[in-house]
Amino acid sequence: KNGTILVVGGAGYIGSHMVRQLLAARYDVVILDNLSTGNRKLVPGGELVPGSLGDAEVLDRLFAGHDFDAVMHFAAFSQVGQSVNQPLVYYRNNLAETLTLLEAMVRHDVRRFIFSSTAAVYGEPTAIPITEDHPCLPTNPYGNTKLAVERLLADCDAAYGLKHTVLRYFNAAGADDAGDIGELHDPETHLIPIVLQAASGLIDHIRVFGTDYATTDGTCVRDYVHVNDLARAHLLALDALMQGADSATYNLGSSNGYSVNEVIAAARSVTGKEIPVVTGPRRPGDPAILVASSEKIKHALGWKPAYASLRTIIRTAWNWHLKQAH
Ligand code: UDP
């Protein structure tokens with residue numbers, strides 16, 4: 001065995017893909033998940049402990065019972081709009097509960113941590129593609145909570161030697177080729193799953209949020225990165241930390257930008273379905289263009305996305321969508 005990893009939020013969309021890769025890489029995996037947005041049926045293996053990362057007693061029992069080499073943290077709320085209306089819920093869940101987790105790690109002398117951060121820490125970008133040294137000026141509470149944890153981690157490294165990797169995800173998408181785990185949000189707010197719901201007739205149409213952006217076709221441009229490529233980056237970061245690497249922050253994107261209209265066109269081509277569209281006003285807080293530079297992690301850790309094209313990403317999401325329907 002290569003080690004034992006605590007995956008917090010391992011019953012969620014990205015966490016479940018991570019668990020599968022950790023098991024394939026011969027790690028023992030323990031999953032802590034309160035199943036609020038996660039789902040038992042997404043857990044592909046490992047030991048599932050239902051419980052909250054904000055519960056110090058649960059954490060003490062967990063850390064006393066296992067010799068964890070590292071902790072990966074996927075358990076957070078991630079809807080920008082909801083965070084604007086309910087900032088206290090977001091600060092409680094995303095910041096305060098992470099604080100409780102880090103306290104337990106230091107108490108039990110576990111000092112490797114991989115954190116799921118977001119492109120939302122950058123706010124409205126002043127340069128594209130976005131590099132890691134771009135100023136961090138989040139424009140919503142969700143981004144603020146993620147940036148607050150990033151700063152907390154830097155302070156914990158300085159004080160306690162807590163070595164960490166911060167991974168700033170751009171738009172996670174797609175599903176494992178097996179089709180048995182994938183994106184399962186209720187309500188669904190993300191573009192690709194909604195487009196596929198429209199393709200299969202589960203909803204009448206997809207509403208495009210804004211057609212007057214300063215982009216080639218007026219719709220927002222995003223950088224879609226396959227969930228297995230995200231998980232693969234965590235595995236590389238884990239190996240580096242296990243070998244004594246210092247703390248680091250990396251973007252995770254495909255470095256390709258696609259507009260909302262381009263995503264819909266690609267989905268029509270992949271599914272062979274019509275996908276009715278209606279246009280609507282902008283969604284508050286959406287920057288026009290978010291595209292990552294992922295050069296830093298490519299150079300430092302040798303990360304190379306395997307799912308390079310948008311069509312492939314959509315095809316894996318469609319495969320999962322079709323299996324869900326049955
Ligand atoms: N979007 C849209 N209609 C929808 C959902 C999303 O036009 O029903 C747009 C949204 O405005 C953004 C892009 O699709 O420009 C990606 O949105 P998503 O919520 O998937 O990810 P985000 O970029 O907000 O993290």
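The shell around the ligand divides into eight nonpolar residues, three polar and four charged. Keep in mind that this is a predicted model. Which residues come nearest to the ligand? Of the 15 around it, they are H190, L191, I194, F209 and C220. Now the elements. Helix α6, residues 191–199, and strand β8, residues 206–209, each supply at least two residues of the shell. The largest share comes from β8, with four residues.

Next, the core. The largest nonpolar core has 95 residues. Inside it, the residues with the most contacts are V7, V8, V195, L252 and V263. Which helix gives the most to this core? Helix α7, residues 227–242, with eight residues. At least three of its residues come from domain 1, which is 4–173 plus 225–252, and at least three from domain 2, which is 191–222 plus 255–320.

V8 is then in contact with L32, L53, V71, M72, H73, F74, A75 and L101.

Last stop, T165. This residue sits in strand β6, residues 163–169. Buried or exposed? T165 counts as buried, because it has 27 C-beta neighbours inside 10 Å and the cut-off for buried is 20 or more. Its contacts, again leaving out neighbours within four places in sequence, are I114, A237, L241, S247 and A248. Finally, compare T165 with V195. They are 30 residues apart in sequence. In space, C-alpha to C-alpha, T165 and V195 are 33 Å apart.

How values were computed: Residues numbered from 1 in each chain as written. Predicted model: local features only at pLDDT ≥ 70, side-chain atom pairs only at ≥ 80, totals over all residues. Buried ≥ 20, exposed ≤ 12 C-beta atoms within 10 Å, placed from the backbone. Contact = placed C-beta atoms within 7 Å. Core = buried A, V, L, I, M, F, W, Y, C linked by C-beta atoms within 7 Å. Domains from an automatic or database assignment. Near = placed C-beta within 6 Å. Nonpolar A, V, L, I, M, F, W, Y, C, P; charged D, E, K, R; others polar.
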